[in-house]
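Please look over the sequence and the structure shown here. The paragraphs after them go through the fold step by step.

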Amino acid sequence: MYCRVLFDVGTLNFERDAPVHALNPKEVFAPMSTIEPFHTDSPEYPPKHREVYHDKNTCPDGKKIKDEHRKIGTGNKKHCLECGKVS
Ligand SMILES: [Zn+2]
């Protein structure tokens, strides 16, 4: 008897008509150029590129760093000047 009572109140269909206008399409589809900071310590790159970190995926210098050479975080380095110029 106990089980049957719990089953009867357990149907969740009453949530089907909840309003779904919370999402703002403009925000969802806006290009996100700011990314998690990354840097590189790889000797493949000139010192100028090794002493800064990037946080934009549109940065021309950051794009030169291959995925396998990217390290997550700022590495206690300076912020890349090019990242400051691009949006
Ligand atoms: Zn950069």
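Two strands are said to pair if DSSP finds at least two bridges between them. Helices (H or I, at least four residues) and strands (E, at least two) are themselves DSSP runs, numbered from the N terminus. Residues are numbered from 1 along each chain as its sequence is written. The model is predicted: local features need pLDDT of at least 70, side-chain atom pairs count only at pLDDT 80 or more, and totals for chains, interfaces and linings use all residues.

The protein chain contains five helices and four strands. Along the sequence they follow the pattern α-α-β-α-β-α-β-β-α.

The four strands form an open sheet in the order β3-β1-β2-β4, and its pairing is mixed. Because β3 and β4 (78–79) stand at the edges with a single partner strand each, one side of each has no neighbour in the sheet. Strand β1 (residues 34–39) pairs with β2 (residues 52–56) in the antiparallel sense, over two bridges. β1 also pairs with β3 (residues 71–72), again antiparallel and over two bridges. Phe38 takes part in both pairings: its bridge partner in β2 is His54, and in β3 it is Ile72.

Turn next to the interior. A residue is buried if 20 or more other C-beta atoms lie within 10 Å of its own, exposed if 12 or fewer, and partly exposed in between, with C-beta atoms placed from the backbone. Of the 87 residues in the protein chain, 13% are buried. A nonpolar core is a set of buried Ala, Val, Leu, Ile, Met, Phe, Trp, Tyr and Cys residues joined through C-beta atoms within 7 Å. The largest one has five residues: Val52, Tyr53, Cys59, Cys80 and Cys83.

Leaving out residues up to four places away in sequence, Cys59 touches His54, Cys80, Glu82, Cys83 and Val86.

Confidence is given by pLDDT, the predictor's confidence in each residue, from 0 to 100. Its mean over the protein chain is 79, and 64% of the residues reach 70 or more. Over residues 9–16 pLDDT stays under 50, and the model has zero contacts there beyond four places in sequence. Where pLDDT is low, the predicted coordinates should not be read in detail.

Note on methods
Two residues are in contact if their C-beta atoms, placed from the backbone, lie within 7 Å.
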